[in-house]
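Subject: Structure for your files

Dear colleague,

Here is the structure I said I would send.

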Amino acid sequence: MEEIITSLQIKISIPQDKKMTVGNIATAVKGMKIEQKVAEEIIKALDKKETTRYAGKPNTRGNGEKRYQRAGTKNRHPITSIGRLSLKLHLLKDTQKKGNNTFRPIENRIEFSGKKTYQEDISMISAELATKMTYRDAETEGKLFLEDMPSASTINRRVIFYGERIKEFNSNKIKDASVDIAFADATKCHSQEKDKNKNGVNVALGLDRRGEKMLLDARVNQAWDETAKYLDDLKALDYKATLVGDGDVDMKNALVTGERGFQMDLIHASRGTGYRLWKDSKLSLEDRRAVIGELEAALYTLKNSVYKHLKDGDTGALRRRIDCTVDALKKLAKRLWKMGCFLAADFIRKYSNAVVTFARLAADGRIVPWNSNIIERLMGEISKRCKHKWMRWTTRGLEAILNLILVRYTSEESYENFKEKMMKTDNLRFIKSEVKIVSAGGEL
């Protein structure tokens, strides 16, 4: 450990005939930028130590024979969460190296964010703000507590950078996860790209063995087949996993392969039937409502039977109830077909077995949700940030911000781990600091 001691004398004038608030004092102290000055002095001290280690103390006899020669200084103004720092850093020349032979010795001790002015701490803060408000608002609101907040365009670039990194980070988490319950849904957001009116968003969510949410995938303007390949390559889904979702055929065909099962969300089953009855244009509103009521009676009676028969352990009765439900649905579909409601009849017939998957699995001892509420709430997070009518997105920008938003929504722990990795906050455990106030007094 290397100790660096810096002294700081503070002078502040307060009129005797004015009554100040605590906030006034705090604002005045903050305006003195004490944290910036302390940070600058610490970095300058380290710079001096490293320069001396290479090139000796300045103006010392024999320095001219050393391999490393002083080559002046260069100003650097990195912006951090405590403000813009003003640093004059030494340059050294390596006389035994050809070509670009100058370097900053301080970089052996302090890592700067490449040539970027904004360092990782303030970049991460600005990106996090942008997941909750527009880029312009993030800049404006950030300036309430950080004077040197990045511009809206800079924040946008940081969001894209972190969004792509967090997808890589999340890939490592879901690799070999073998999730056995998954949810999938799709939505659309406005596009600012010339060849697109809307951006298609596909999202897959899983529950791990502890029942904790896990973002499996979020991608923009790509087919469900790409999601399926991605998850299969990572072995994120178990080969007997059950997918819960709506009636999206492309989604089902891509993700439900082999021995995997599909549970049609009961709410979407009812809504999908109602929509198709309307499209068929054969029944009055009152008659359509009667059909939906009959459908829901069959489905929710089954749902209640699952709870009842699991509690009393009568799986035989549960299996009989499942068969009765499927038969009732097929009879309803047949009756609708005769009425000329072909779309509704085909929909009910097609999904008559998919709506009872949760009950069949319950009879075998596996509990799978009968609805996709968990991913509907997640889609609400997308809507809050990305679906306002004035918002326009590029494919890359939308996918980046979605991955930031959704990893945080599904797992605060994973999101915090990602932030720590990006900001390298693990290094803080090696830094020990102590503050001593020698005296605190005033003169009259």
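A cavity here is a set of points, on a 1 Å grid over the protein atoms alone, where a 1.4 Å probe fits but cannot get out; a pocket is an open set with protein on both sides within 12 Å along at least five of seven lines, and a lining residue has an atom within 4 Å of a point. Grid points are joined across faces, edges and corners, and a volume is the space filled by probe spheres set on the points. The model is predicted, so local features need pLDDT of at least 70 and side-chain atom pairs count only at pLDDT 80 or more, while totals for chains, interfaces and linings use all residues. Residues are numbered from 1 along each chain as its sequence is written, and side-chain values use heavy atoms, with hydrogens and water left out.

Cavities

The count comes to two cavities of 30 Å³ or more. The second largest cavity has a volume of about 40 Å³, and its lining consists of Ala 182, Leu 237, Ala 241, Thr 242, Leu 243, Leu 255 and Arg 260. Strand 9 (residues 237–245) gives the most to this lining, with four residues. Helices (H or I, at least four residues) and strands (E, at least two) are DSSP runs, numbered from the N terminus. By class, the second largest cavity is lined by five nonpolar residues, one polar and one charged. In this scheme Ala, Val, Leu, Ile, Met, Phe, Trp, Tyr, Cys and Pro count as nonpolar, Asp, Glu, Lys and Arg as charged, and the others, Gly among them, as polar.

The largest cavity holds about 60 Å³ of space. Its lining includes Ala 269, Thr 273, Leu 295, Leu 299 and Phe 347. Helix 8 (266–280), helix 9 (285–312) and helix 11 (342–351) each supply at least two residues of that lining, and helix 11 gives the most, with three. The lining of the largest cavity has eight nonpolar residues, two polar and no charged ones.

Second largest pocket

About 390 Å³ of space lies in the second largest pocket. It is lined by 15 residues, of which Thr 134, Tyr 135, Gln 192, Arg 392 and Trp 393 are the closest to its centre. Helix 4 (135–142) and helix 5 (152–174) are the elements that give two or more residues to the lining of this pocket. Helix 5 has the largest share, four residues. The lining of the second largest pocket divides into six nonpolar, six polar and three charged residues.

An open sheet of five strands has the order 8-7-6-9-10, with mixed pairing; two strands pair if DSSP finds at least two bridges between them. Strand 8 and strand 10 (261–264) are at the edges with a single partner strand each, so one side of each is left without a neighbour in the sheet. From one strand to the next the twist averages 25 degrees. Axes are lines fitted to C-alpha atoms, for helices over the stretch in contact (heavy atoms within 4.5 Å), and angles run from 0 to 180 degrees between N-to-C directions.

Strand 7 (residues 198–207) is mostly covered, with nine of its 10 residues buried; buried means under 20% relative accessible area, exposed over 50% and partly exposed in between (1.4 Å probe, protein chains only). Strand 7 pairs with strand 6 (residues 179–190) in the antiparallel sense over 10 bridges, and Asn 202 in strand 7 has Ala 186 opposite. The pairing of strand 7 with strand 8 (residues 213–220) is also antiparallel, over seven bridges. Here Val 203 stands opposite Ala 218, and Gly 206 has Met 214 as its bridge partner. Strand 7 and strand 8 form a hairpin with five residues between them, and in the turn Gly 211 has a positive phi of about 85 degrees.

Helix 13 (residues 373–386) lies across strand 6, strand 7 and strand 8, at about 30 degrees to strand 6. Helix 14 (residues 395–410) packs on the sheet and touches strand 6, strand 7 and strand 8, its direction making about 175 degrees with that of strand 8.

An open sheet of three strands has the order 1-4-5, with antiparallel pairing. Strand 1 (68–76) and strand 5 (102–103) stand at the edges with a single partner strand each, so one side of each lacks a neighbour in the sheet. Strand 1 pairs with strand 4 (residues 87–94) over seven bridges, and Tyr 68 has Asp 94 in strand 4 as its bridge partner. Helix 2 (residues 34–55) lies across strand 1, strand 4 and strand 5, running at about 15 degrees to strand 4.

Regards
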